[in-house]
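I opened my notebook beside this structure and wrote down what I looked up, entry by entry.

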Amino acid sequence: MSDYLFVLENHLDPAQNRVVSEIQRIATQAGMNVWLTGGAMRDTLRGSRIVDLDFTVERDALKAGESLASALGGAILEQDNLKRWVELELPGGVRASVSNARTEKYSKPGGKPQISAATIHDDLLRRDFTINAMALSLNRGSRGLLVDPTNGQADLENRELRATNPYVFFDDPSRIFRLIRFQHVLGFSIAPRAQLQLENALMEGYQNQAPVSVLATEIRALSKSENAVAGLEAFDRYELLKLISPALTGSALNTTGLGRLERLTHTVLPPEMSGGWLAFLTVLTEKLTTKDKAALLRTLNLPHGEVEELAKLEAQAKKLEAAVKSSRITRPSHVYEALHRASADEVLIVLYESGQRIVQDRIRAYFTKYLPLSQEITEEQVAATGVKPGTPKFEKALQSMIAAHLNARPKKVPEPEVDVAAAAPPTAPMVVPRGARK
């Protein structure tokens with residue numbers, strides 16, 4: 001097994017490893033080659049968590065994607081028949097995409113491309129940045145071989161963003177937004193030549209040819225970063241925020257509030273807790289007029305469910321704050337009961353808006369002490385009492401055991417008995433004054 005393959009398998013969770021094994025089986029049976037590519041390969045080599053699995057094949061990606069979804073009981077989320085690309089949601093919360101190795105030729109910035117089948121080498125050369133242009137072979141004869149035609153691994157080590165070719169922004173102007181996000185999310189510097197390419201693209205107005213929805217997607221992805229405010233300031237500096245809202249610029253960009261929300265997100269909430277986008281939007285639009293806020297939200301084209309949740313968020317946060325500061329809370333289990341069903345968005349808005357010390361302290365205590373303690377009670381322990389899993393009675397028993405565990409006072413550790421004779425300091429020898437001896 002190659003070192004790269006060893007690193008990959010140790011970065012994947014069991015559900016992701018199952019997906020990799022299944023795509024290998026499907027590709028082998030169909031007689032096609034398959035590679036792990038894109039962000040998945042980048043994050044593997046930089047030692048960070050792999051969010052999405054990106055596979056590239058040299059034949060029919062749509063068929064391979066359908067077979068993968070069918071074999072694992074997943075669903076197709078999106079499909080592009082032109083570029084032969086499919087995005088999947090698979091069991092275990094795994095997101096994956098399967099695409100054809102291809103070349104793309106454009107007659108104008110952001111235009112409809114002319115697609116041709118290609119080798120994996122040519123496919124990597126048409127990608128955006130070198131750190132995203134690496135592939136790991138999953139094929140029987142070359143399994144574990146790294147394909148890196150633009151030396152992206154060196155750029156990863158040097159923490160540098162470099163374009164794969166001179167036409168990256170002409171071919172896809174939305175890469176302008178992506179470069180700025182990568183700069184702040186990854187904390188990488190932009191290579192001088194790539195910086196010049198960026199400035200030339202902006203001067204030519206390529207950004208106006210990119211779909212506004214892509215900028216919205218990049219801002220959503222940026223919102224999860226510890227450098228979200230710096231990224232938004234960069235978007236504003238390059239006059240890109242006005243593409244989604246002419247009002248969202250200068251002093252109307254709530255950098256102070258967003259900076260406070262950013263600190264709360266990354267110092268209070270556990271890293272694995274999902275959510276926070278709606279709280280981010282609430283603070284982002286805090287200084288806008290009602291009219292400008294509504295226009296911005298229409299441009300973002302949020303899913304209907306998110307629109308409804310956003311409309312109710314302030315009321316839900318006030319309800320949560322009232323529950324957390326209630327005088328009826330006298331035990332740890334009461335704090336747990338008030339917070340364990342709350343969403344990240346609700347918690348963040350309460351932390352952001354509440355000036356009451358008791359609310360802040362109880363929320364922090366929940367995440368630092370009570371939530372970890374509650375996770376010590378397992379479903380196996382509840383099942384051992386004879387309650388059938390999956391029933392309302394089981395859930396009630398689980399919560400009851402958690403409450404008892406939280407409220408139990410830690411047993412006082414008895415102090416060890418001290419052996420007086422052994423513990424006493426040695427007696428100093430008696431000194432007899434001169435002349436006292438007979």
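**Entry 1: the cavity**

I began with the largest cavity of this predicted model, and I noted a volume of about 40 Å³ for it. How many cavities of 30 Å³ or more does a search of the whole structure find? I wrote down one.

Next I asked which residues line the largest cavity. My list reads E104, Y106, R126, D171 and R175. Sorting that lining by class, I counted four charged residues, one nonpolar and no polar ones.

**Entry 2**

I then turned to helix packing. Two packed helices are described by the angle between their axes and the distance between the axes, so I looked up both values for each pair.

For helix 2 (residues 14–30) and helix 4 (residues 61–72), I found axes that come within 10 Å and cross at roughly 125 degrees. That angle makes helix 2 oblique to helix 4. I also noted that helix 2 passes helix 4 in a right-handed crossing.

Which residues meet here? From helix 2 I listed R18, V19, E22, I23, R25 and I26, and from helix 4 their partners A64, S67, L68, A71 and L72. By class, this contact of helix 2 with helix 4 divides into seven nonpolar, three charged and one polar.

**Entry 3: helix 11 with helix 12**

My next pair was helix 11 (residues 228–237) and helix 12 (residues 255–267), which pack at an angle of about 150 degrees with their axes 9 Å apart. Roughly antiparallel is therefore what I wrote for helix 11 and helix 12. On the helix 11 side, the contact is made by A228, V229, L232 and E233, while helix 12 brings T255, L258, G259 and E262. I sorted the residues of this contact into four nonpolar, two polar and two charged.

I followed the chain into the loop between helix 11 and helix 12, where E239 is found. As a reminder to myself, most residues other than glycine have a negative phi.

**Entry 4: helix 13 with helix 15**

At what angle do helix 13 (residues 277–284) and helix 15 (residues 304–324) pack? I noted about 65 degrees, with the axes 10 Å apart. The crossing of helix 13 and helix 15 is right-handed.

In helix 13, I found W277, L278, A279, L281 and T282 meeting E306, E309, L310, L313 and E314 in helix 15. The tally for the contact of helix 13 with helix 15 is six nonpolar, three charged and one polar.

**Entry 5: one more loop**

I finished in the loop between helix 14 (290–300) and helix 15, where N301 lies. N301 is not a glycine, yet I recorded a positive phi of about 55 degrees for it.

Definitions and conventions:
Residues numbered from 1 in each chain as written. Predicted model: local features only at pLDDT ≥ 70, side-chain atom pairs only at ≥ 80, totals over all residues. Heavy atoms only, no water. Axes fitted to C-alpha atoms, helices over the stretch in contact; angles between N-to-C directions. Helix = DSSP H or I, 4+ residues; strand = E, 2+ residues; numbered from the N terminus. Parallel < 35°, antiparallel > 145°, perpendicular 65-115°, else oblique. Left-handed = near helix turned anticlockwise from the far one by under 90°. Contact = heavy atoms within 4.5 Å. Nonpolar A, V, L, I, M, F, W, Y, C, P; charged D, E, K, R; others polar. 1 Å grid on protein atoms, 1.4 Å probe; cavity = no way out; pocket = protein on both sides within 12 Å on 5 of 7 lines; lining within 4 Å. Points joined across faces, edges and corners; volume = space filled by probe spheres on them.
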